[in-house]
Every structure is written in structure tokens, then in C-alpha cells.
Amino acid sequence: MKLKWILLSLFITISTVLIGCEPVLVLDPKGPQAETTANVIWLSIATMAFIVIVVFVLLVIILVKYRASKQREDYEPPHIEGNHILEGIIVGIPVLIIIFLSIVSVKSTYEVESVPEGYEDQEPLVIYASSSNWKWHFSYPEQDIETVNYVFIPTDRRVEFRLYSFGPITSFWIPQLAGQKYAMADMVTTIHLAAEAPGEYMGRNANFSGEGFAENIFNVTALSHDEFNTWVDEIHATAEPLTEETFDRLLEPGHLGQMTFTGTHLEFSPAPEGEHGGHNHGPSESSDMEHDHSDHDDHGGNDDHGEHDHDSHE
Amino acid sequence: MEFFDRFAVPHPSPLIYASMVAIGLTVIAIFLGITYFKKWGYLWREWLTTVDHKRIGIMYIISALLMLFRGGADAVMMRLQTSVPDNAFLDAQHYNEVFTTHGVVMIFFMAMAFVIGLMNFVVPLQIGARDVAFPRLNAISFWLYFAGAMLFNISFVVGGSPDAGWTNYYPLASTDFSTSVGINYYNWALQISGIGTLMTGINFIVTILKMRAPGMKLMKMPMFTWSSLITNIIIVFAFPVLTIALLMGTFDRQFGTNFFTSVNGGMDMMWANLFWVWGHPEVYILILPAFGIYSEIISTFSSRNLYGYKSMVGSMAIISLLSFLVWVHHFFTMGHGALTNSIFSITTMAIAVPTGIKIFNWLLTMWKGKIRFTVPMLYSVAFIPLFTIGGVTGVMLAMASADYQYHNTMFLVAHFHNVIIPGVVFAMLAGLTYWWPKMFGFMLNEKIGKWAFWNLAIGFCLAFFPMYITGLDGQARRMYTYSEATGFGPLNMLSFAGAAIMAIGFALIVYNVYYSFRHAPRNVGDDPWDARTLEWATHNPVPHYNFAVTPQVNSSQALWDSKKHGYQLFKHDLTEIHMPNNSGAPIILAGLFFIFGFSFVFFIWPGVIVSGIAILACLAYRSFEKDDGYHIPVKEIKETEEKFGGAKK
């Protein structure tokens with residue numbers, strides 16, 4: 001028994017020290033979406049701690065009070081079938097807790113799936129983030145530039161990441177800015193977020209995607225609007241244009257450092273959305289097949305799953 | 001030579017060569033040992049061809065324990081690899097294979113087998129039956145499971161292990177991204193053992209519904225039998241989904257279809273859906289029998305009747321229904337939009353209510369009781385707080401918005417181990433210790449058992465609680481390594497220490513079996529725990545016909561009533577007992593399935609065709625075989641009962 005408590009308190013000390021040094025990423029939000037999830041997490045931790053404490057206390061009391069060594073030799077425990085009031089309580093209280101948490105869950109889910117509050121009126125900065133084994137490609141159609149394994153975003157600006165993959169399912173995750181979403185080969189999914197503090201953030205693929213998965217990370221830099229524009233101008237002045245051949249080489253499995261190009265791959269290899277969606281059966285039969293490097297085609301499934309996520313919140 | 005090239009392991013390493021040697025030596029040692037002691041005949045007559053539910057149960061449990069050590073070795077390797085940053089003990093490909101096989105082995109070949117093994121042993125005894133409804137089918141189920149497990153395990157040294165995670169998501173699992181035969185093994189091993197599981201499901205539903213002792217109404221069944229009934233109903237509904245999904249995967253990989261591809265109209269997301277439509281109910285297939293075991297143990301060692309029997313049954317029924325309505329919570333992040341996620345978030349959280357009822361019922365069972373801290377009870381008492389933590393973190397994960405941050409991280413890994421280890425594994429160890437005297441006629445040593453328990457409980461906390469923190473700090477699951485800058489190092493080292501302590505715990509359990517086999521007294525009597533349910537009304541170890549006289553049952557704790565209230569369990573005189581004959585057909589059939597699966601994995605079509613025809617021939621032979629079993633004469637029953645000190649009357 002004693003050993004257990006020593007180890008337990010050791011563990012608690014270690015963990016509090018570790019949490020004390022530096023807040024864990026998810027609970028150190030730098031934008032409204034991650035702040036919503038962090039609040040939900042804190043709230044649920046508090047509620048759940050209450051339940052755990054109740055169960056612990058009841059258990060300890062019962063174990064101490066009713067252990068055999070403490071009772072008379074001839075004590076015969078009673079036969080108890082049940083009690084309606086007691087059972088009402090053990091059903092009722094959990095139901096109330098679940099209703100409360102359901103409301104929080106639904107409300108916050110709608111919040112993080114839509115444009116961050118206060119940013120609805122802004123035009124979004126659209127960035128296509130596509131994964132290939134084991135890299136991230138960031139295409140800025142408006143700025144007409146493309147980066148590999150790093151992304152710059154302006155602070156206090158509505159940013160819309162449109163996600164898809166050139167291979168296995170990956171999950172786009174910047175813990176301090178927003179929760180994850182999958183990037184898949186046959187449709188485009190969308191994350192809305194905003195960064196409210198300048199700085200560098202860790203971003204990664206969180207969904208196992210094969211051998212190079214562990215290093216499938218990218219850097220996110222949030223900087224002021226002016227600095228962002230300067231950065232874009234610099235790229236236009238210095239970077240090479242992204243050609244189809246170069247891009248095909250980039251797609252080959254492996255790891256690359258950070259790279260920068262002018263132009264985007266979307267021009268010759270469009271994202272699987274709209275008429276390019278994997279499950280779109282639009283009118284075009286084979287007109288754009290020759291230039292299609294994203295492994296999808298147009299006469300695929302009979303449904304519109306490619307349509308039903310992106311843009312649905314605007 | 002070209003023919004044999006395909007069997008080479010694609011990513012060889014000293015570790016794999018060492019295992020090859022180890023496997024080879026073990027097999028040779030076992031063969032030589034059996035031959036030397038001239039045990040082949042005994043083994044064939046008494047075990048390999050048996051249809052006795054007790055022996056099949058024991059064989060399931062032995063296999064499950066072997067798989068526990070295989071999966072456990074994988075687990076320790078994973079914790080060792082991640083214990084320090086930038087470790088080079090395993091490379092990425094090996095780590096991927098190790099966590100894939102860890103998951104598959106632990107879920108399919110350890111936990112499932114353990115659960116079904118205990119069900120096999122206990123359920124017919126608890127309902128006062130002679131055997132299951134279809135004894136030979138039961139043997140086929142076991143041998144198919146065994147064939148599947150062996151097929152999966154040789155992948156490590158022949159052709160390469162699967163490497164796409166136990167969830168095996170497409171397109172990662174397609175031939176585009178996983179070129180070795182590993183995932184063919186996954187498909188065929190799970191397919192073959194899955195067929196066995198499905199037949200177990202049917203068998204046990206019929207057994208429980210049709211073969212209960214006179215007087216045992218449904219609401220008078222012991223709680224473990226209730227949990228088994230509901231579990232098997234879930235099996236029958238859930239496993240066909242897996243069967244079809246695996247078949248579709250096989251077609252994609254081996255015949256070039258496009259069910260789960262992202263081109264030509266295939267849909268990778270469909271695999272995730274089908275997998276979890278089976279996969280979530282699977283979680284309850286594992287945990288409900290565990291709940292049943294805890295109910296028996298807590299009631300026995302509190303010397304109290306189970307509190308809230310009806311609400312226990314009702315909550316299990318509700319859980320089984322809800323288990324089919326929550327699968328989307330495994331991929332909230334797939335982008336179905338807020339409405340879908342909200343619905344599945346609520347259905348998921350709803351499961352907390354019936355589960356909470358059960359937790360409180362167990363607490364109330366101990367209330368006013370007389371609690372004896374035996375080894376099975378220690379596991380059960382530790383289960384309550386640890387499972388509560390696992391359960392509430394489940395509710396946290398069920399909140400879709402927050403799940404976007406937990407998904408695919410170590411937080412999730414911590415959660416599901418937090419429910420599976422204190423929930424399922426502790427229950428299996430508790431149940432094994434509890435029913436051990438029923439199986440073998442002696443008890444496991446309590447002192448060593450307690451040492452093992454404390455190692456497991458403390459090791460568990462150390463191994464998995466740190467993961468909650470690293471998960472929130474951004475450590476994704478399935479990363480084979482991380483850089484020092486992430487700061488994950490110290491907590492991962494703590495996890496490794498926990499895993500090592502757990503390993504000591506399991507080693508102590510093995511030592512306990514050896515020690516007790518050598519030293520434990522054999523005269524434990526029929527009711528060493530002062531238990532309450534019917535299985536303790538017959539002898540230890542159980543004679544092969546179970547009960548000399550079919551008992552008459554009046555309540556869910558018939559033995560207790562007979563001990564305390566003078567209720568008469570055995571009212572009739574001895575009569576002839578009708579028993580099923582042993583058969584070699586199940587093991588032969590399973591051997592053919594193994595060849596079929598192995599040939600299919602490697603595209604060896606002649607092997608597929610020949611073994612396929614042979615399987616059909618076996619089935620046809622069985623259809624025309626006339627086998628009415630045999631009868632044990634009264635004289636023989638009397639003699640057997642004498643050995644146990646007189647017939648139970």
C-alpha cells in the first residue's frame with residue numbers, strides 16, 4: 001500500500017513540475033479556435049474530476065468501512081434488491097451531467113467548424129495545404145506562391161486552409177491554432193482559423209501515413225500583415241517558378257527541407273474539389289484527364305461527398 | 001529459387017533473425033519433448049480432438065496468454081524505442097510493424113480469445129448444462145481462431161508483417177503504399193479467426209437460450225452468463241461487417257478492385273466506416289464479459305447479492321444497442337461537418353449513463369458487505385477507480401470539438417489502454433484466478449498473486465498516465481521517434497519504466513502458475529471462495545460431464561440459496577448421461593483453412609484450389625456423418641463421484 005502512495009505522489013509531483021514549466025501545447029492557445037477547444041477541455045476536466053473524486057471517495061469509504069477484517073466474525077451481510085430513489089439518483093445525476101456536456105459539445109463543435117467569431121466579415125486568406133509522402137505543400141492561389149513544409153500566415157486575419165492529400169489519409173494539425181482535420185485524396189476539407197499572436201508554431205500530420213510519418217511536420221509562422229506582404233513580395237522577387245516537372249519530383253516519397261516557389265501546383269494539378277472531386281460526376285468526361293496528377297478522375301462515384309464539406313459554413 | 005523469394009522478409013534485421021531462430025528452436029523443442037514423453041496419443045485424444053467446452057476454454061486461455069506475451073513483447077519494444085528522443089533501437093518500418101502487430105494480436109488474438117475462453121469454460125457450468133449447444137462447432141471455432149493466430153504470427157518471419165496500424169486504413173493499406181504481403185496476412189488471419197468468432201456467437205446464443213437448467217428463467221441467470229448472452233448477440237451483428245470489409249480489402253489488394261481506393265469511384269473513407277461499425281461494438285464485446293466477471297467477483301467477495309440485478313441487465317442491453325450508434329466518433333476529424341459530429345458526440349456520451357449505473361451498482365454491492373481482499377477482488381477493486389478515469393476521459397474524447405485536439409495523439413492511446421487494461425485485462429486475470437480451482441483443482445498462490453497485482457496496477461499508472469500529458473502537448477500516436485526539442489523525453493521514459501514494471505507483473509503471474517502447480521494443496525474442496533453461483537455446485541476440477549445430476553435452479557445465486565437457505569439443488573437420481581464424441585475433423589479443417597489462407601496470402605493458386613476443395617469435402621463429409629455421441633452409464637458416474645468424495649445430492 002505504502003509503495004503505491006509513494007510512487008503515486010512521485011508521479012503527481014513529476015507531472016505537476018512538467019506542466020508547471022511550460023503549458024502543454026493544446027492548453028496554450030494562440031487563436032480563437034484553439035482557445036475554444038482549450039476551454040472545452042478545461043471545463044470537461046473539471047466536470048470529470050468531480051465524478052472521479054465522488055467515485056474515489058465512495059470507494060474508499062466503503063472499502064474501509066466494510067472490509068471483512070473490521071467486522072464481527074458472525075456478521076451476515078443483508079440481501080438488498082435495490083432502491084428506487086437511490087437508483088433514480090445514480091441515473092439522474094449522470095444524465096444531467098451528460099446533457100450539460102452535450103450542450104457544450106454541440107455548441108463548441110459548431111463554433112470550431114465555422115469562421116472564428118469576429119472574423120466573419122473578413123475575406124479569408126485561402127491556403128491549400130496538401131500532403132504527399134511525407135511533406136506538406138502550401139499553395140497560396142491569391143498570392144500565387146507555393147511553399148513546402150512551412151507556412152506563413154498574417155495575424156488577426158481569417159485564414160482558410162483547404163486540405164487534401166496526394167496519398168494516404170493525413171491529418172492537418174496545428175495544436176496551438178486549431179484542432180485537426182483529415183486531408184484525403186478524393187475530397188477537400190476545410191479548417192477555418194486565425195492566429196492572434198505572432199510567433200512560430202508546430203504543425204504536423206497527426207494521422208499515421210507510413211514510414212516517414214514521424215518527421216511529417218511543418219512550421220507555422222504568424223506575423224503581422226505588413227511583414228506577411230513583404231514576405232510575399234520577396235518570394236516573387238527571388239524564388240523560382242514551380243513547374244510541373246519540379247512538382248512531380250517533389251511528390252516522390254521522401255523528406256524535403258523547406259522550399260519556396262512562385263506559382264502554385266493548382267494550375268496544372270487542381271485540388272479534388274468541385275468538378276475535380278473524386279466523387280463528382282459532372283459533365284466533363286475526360287477533358288482534363290491528361291494534366292491530372294492528383295490521381296482522381298471525374299467519372300467516379302455516384303454521390304457528391306466531394307461537395308458536402310467545404311464551403312458549407314459560409 | 002524464384003518461388004521462394006516471395007517468402008523473404010522485406011526488411012530483415014538481427015531482431016527478426018533472432019526470432020526466426022527462437023521460433024525454430026521452440027518448435028523443435030516442443031516436438032522432441034512430446035515425442036520423448038510419448039504424449040502424442042494423449043495430446044491427440046484428450047486435447048486436440050476434444051469437444052469438451054472446458055478443455056476448449058482452457059486451450060483458448062493458454063493461446064491467449066501466449067499471445068499476451070507476444071503482444072507484450074511488442075509493447076515493451078515500443079516503449080523502449082520511444083523512451084529517449086531520437087532513439088535508434090528500431091527503425092521506422094520496424095516500429096510500424098511492431099505497433100500494428102501489437103494492436104492486432106492484443107485485440108483479436110489475446111483479448112478476444114481470453115474472453116471467449118472464459119465464456120467457454122464458465123457459461124455451461126453457470127447454466128447447469130453438459131456442454132455448449134454445438135460442441136463440435138465450438139471446437140471448429142477454437143481451431144479456426146488458432147489457425148488465424150498462427151497465420152498472423154508467422155508473418156513476422158515469412159514475408160513480412162502488416163504495417164498500416166491495426167485499424168489498417170486505406171489507401172495506406174492498399175498495394176500502392178504497402179507493397180509487402182503483410183496486409184494480405186492481416187486480411188486472411190482476421191478473416192479465418194473471425195469466422196470462428198462468428199460461429200462462437202451463434203453457438204453461445206443457442207446454448208444460453210436453450211440449455212439452461214430447469215428453473216433458470218432469463219432473469220435468474222448469473223450476471224456473467226447475461227453478459228455473455230449480450231456479448232454474443234453483438235458478435236453476431238458486428239462480425240459480418242468485418243468479414244465483408246476484409247473481403248473487400250482482399251479484393252482490392254489481390255484482384256485489383258477499387259472499393260477503398262481514391263480513384264475509379266472507390267472510397268477510402270468507406271473502410272474507416274466499415275471498420276468502426278464493427279470496431280466499436282468490438283470494444284463492448286470485450287468489456288461486457290469483463291463487467292460480468294467483476295459482477296460475480298465483487299458479489300462473492302463482499303458476501304452480498306449483486307445490487308440492482310435488473311438495472312445491470314438493462315444497462316448492458318442499452319450499451320449493446322448504443323454500441324452500434326457511435327462509430328463515427330473514431331473519426332470526428334474526417335470532416336463530416338458539425339451536425340453529424342454533434343449527433344455522434346451525444347450518442348457516445350449517452351453510453352456513460354448505463355456504464356455509470358454499473359459502477360454505482362458495484363459500489364452498492366460492496367456497501368454493507370463483508371469485503372475479503374483476495375487477488376480476484378483486488379483486481380476488481382482497482383478496476384473501479386481506474387476504469388472510472390478511463391471512462392471519463394472517454395467522455396472527454398466524445399466531445400467532438402475537443403476531440404479535434406485529442407484525436408490521433410497519445411491522449412487517445414492513454415484513454416483506450418485505460419479502459420482496456422483495468423477493464424478487460426484485469427478482469428481476465430481476476431477471472432482466471434477466480435475460476436482457476438474450477439479448472440485445475442488447486443488455487444493460485446495468493447501472496448505471489450498480490451505481488452503480481454501491485455506490479456501491474458502501479459506499472460499501469462506509470463505507463464499510461466504520462467501519455468495523457470504528452471498527448472495534450474502534441475505527441476501524435478505511432479511516431480517512432482521525436483526530437484529532444486519537443487520535451488516528450490522524460491514522460492516517455494516514465495512510460496517505459498511503467499511498462500517494465502508491468503512486464504515484471506506478468507512474469508510473476510507465470511511464476512505463480514509454476515509455483516502453485518508444484519506446491520499448492522490439491523484438496524481445495526468444491527467451494528473454496530464461498531461463492532454464490534451454480535458453477536461452484538459441482539466438483540473441482542469439474543468432471544467431464546459437469547454435473548452428475550442436472551440441478552434445479554430457483555434464483556441467480558442458486559448455490560448461495562442452497563448453502564444458506566437449505567434450497568435443494570439436486571432433486572433427481574443419477575441417470576445415464578448423453579455426451580458428444582470427440583472428433584479430429586475440427587483441427588483438420590482448421591489446418592486446411594491455414595493452408596488456404598497462407599496460399600492466398602502469397603497468390604499460390606494451386607494451394608488455394610486444393611485446400612479449398614478439401615475444406616468443402618470436409619464439410620460434405622460432416623453432412624453425411626452419423627454421430628449420436630455416447631452415454632455414460634450410471635455405474636461410471638458413481639465411480640467418478642466417489643473419487644470426489646461421494647455424489648452431490
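Two strands are taken to pair if DSSP finds at least two bridges between them. Strands (E, at least two residues) and helices (H or I, at least four) are DSSP runs numbered from the N terminus. The model is predicted: local features need pLDDT of at least 70 and side-chain atom pairs count only at pLDDT 80 or more, whereas totals for chains, interfaces and linings use all residues. Residues are numbered from 1 along each chain as its sequence is written, and chains are lettered from A and ligands numbered from 1 in the order in which they are written.

**View 1. Pairing of strands E6 and E7 in chain A.** Strand E6 (residues 170–174) of chain A is joined to E7(A) by four bridges in the antiparallel sense. A:Phe172 faces A:Lys181 of E7(A) across this pairing.

**View 2. The five-stranded open sheet of chain A.** The strand order is E4-E10-E9-E6-E7 (chain A), and the pairing is mixed. Strands E4 (150–154) and E7 (178–183) of chain A are the edges; each has a single partner strand, so one side of each lacks a neighbour in the sheet. Neighbouring strands are turned by 20° against each other on average, direction ignored.

**View 3. Helix H4 on the sheet of chain A.** Helix H4 (residues 225–238) of chain A lies across E4 and strand E10 (217–223) of chain A, running at about 135° to E4(A). Axes are lines fitted to C-alpha atoms, for helices over the stretch in contact (C-beta atoms, placed from the backbone, within 7 Å); angles run from 0 to 180 degrees between N-to-C directions.

**View 4. Chain B.** Chain B contains 21 helices and two strands. Its C-alpha atoms fill a box of roughly 70 × 60 × 45 Å along the principal axes.

Methods
Contact = placed C-beta atoms within 7 Å.
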